Amino acid sequence: MSLNTFDIAASGMTAQRIKMDTVASNIANVNTTRNPDGTKGVYVKKYVNFRAIYEDELSRGARNFASNATDAKFNPMNGNFTINTGIALNQGLISNGVRVESIQETEEPTKLVYDPNHPDADADGYVELPNVNVVEEMVDMVSASKAYEANSVVAENVKTMIQSALNI
């Protein structure tokens, strides 16, 4: 356990906050049929792409994973050997958190709704509305909120453990 855990939790919280902001923007613009400058143009739903932040531990040669393990077990019944280091490994890479790689517009088609009284209706009375599904957005919002909360709990637990260790 190190202060790096705080960085990982903070990166997760930051990424989820950006996702919640993006979802909130989608919900706020569910009926937007004009651009910010007032010209006709439908809002397009946005989504967030995350990317893991990796540190190439093997190229640094800083430590041997087996000697740094907090728990190593060999199961002779099935031949499995597991090392629990408290860090996520992916092909020799150590995960140091997550970052927002991009915020992109979806390629889903917009919706056409018949509303001849709408100021942006076409000659046939149809209005082009954003491709935002409020139910899906609310599910994304709850998911991002729970992920943010989980990262917050991790940071708080690490803080408590460090304080307890200092009191020993």
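Reply: Glu136 is partly exposed, with a relative accessible area of 40%. In this predicted model, the side chain of Glu136 forms a salt bridge with that of Lys45, at 3.6 Å from N to O. Lys45 has a relative accessibility of 9% and therefore counts as buried, since the cut-off for buried is under 20%. Lys45 lies in the loop between α1 and β1, while Glu136 belongs to helix α3, residues 134-167, so the pair ties together parts that are 91 residues apart in sequence. Glu137 also comes in here: salt bridges with shared partners join Lys45, Glu136 and Glu137 into one network.

Next comes the pair Lys46 and Glu105. Their side chains meet in a salt bridge, with 3.6 Å from N to O. Lys46 is in strand β1 and Glu105 in strand β5, which covers residues 93-105; the two are 59 residues apart, and the pair links distant parts of the chain. Lys46, at 25% relative accessibility, counts as partly exposed. Glu105 is partly exposed too, with a relative accessible area of 48%.

Another salt bridge joins the side chains of Arg34 and Asp120, with 2.5 Å from N to O. Here both partners are in loops: Arg34 in the one between α1 (4-28) and β1 (46-56), Asp120 in the one between β6 (111-114) and β7 (126-129). They are 86 residues apart, and this pair as well links distant parts of the chain. Asp120 is buried, with a relative accessible area of 5%, whereas Arg34 is partly exposed at 37%.

The pairs described are among the seven salt bridges counted in the model. As for the background, side chains of opposite charge can pair when their charged atoms come close.

To place these pairs in the whole, the protein chain has three helices and seven strands. Along the sequence they follow the pattern α-β-α-β-β-β-β-β-β-α. Of the contacts in the protein chain with a separation of 6 or more, 67% are between residues 24 or more positions apart. The protein chain has 168 residues, of which 24% count as buried; Lys45 and Asp120 are buried residues. The chain exposes about 11100 Å², and carbon and sulfur atoms supply 54% of that area.

Conventions. Residues numbered from 1 in each chain as written. Predicted model: local features only at pLDDT ≥ 70, side-chain atom pairs only at ≥ 80, totals over all residues. Heavy atoms only, no water. Salt bridge = Lys/Arg side-chain N within 4 Å of Asp/Glu carboxyl O. Helix = DSSP H or I, 4+ residues; strand = E, 2+ residues; numbered from the N terminus. Buried < 20%, exposed > 50% of the residue type's maximum accessible area, 1.4 Å probe, protein only. Contact = heavy atoms within 4.5 Å. Areas by Shrake-Rupley, 256 points an atom, 1.4 Å probe, with all protein chains shown as cover.
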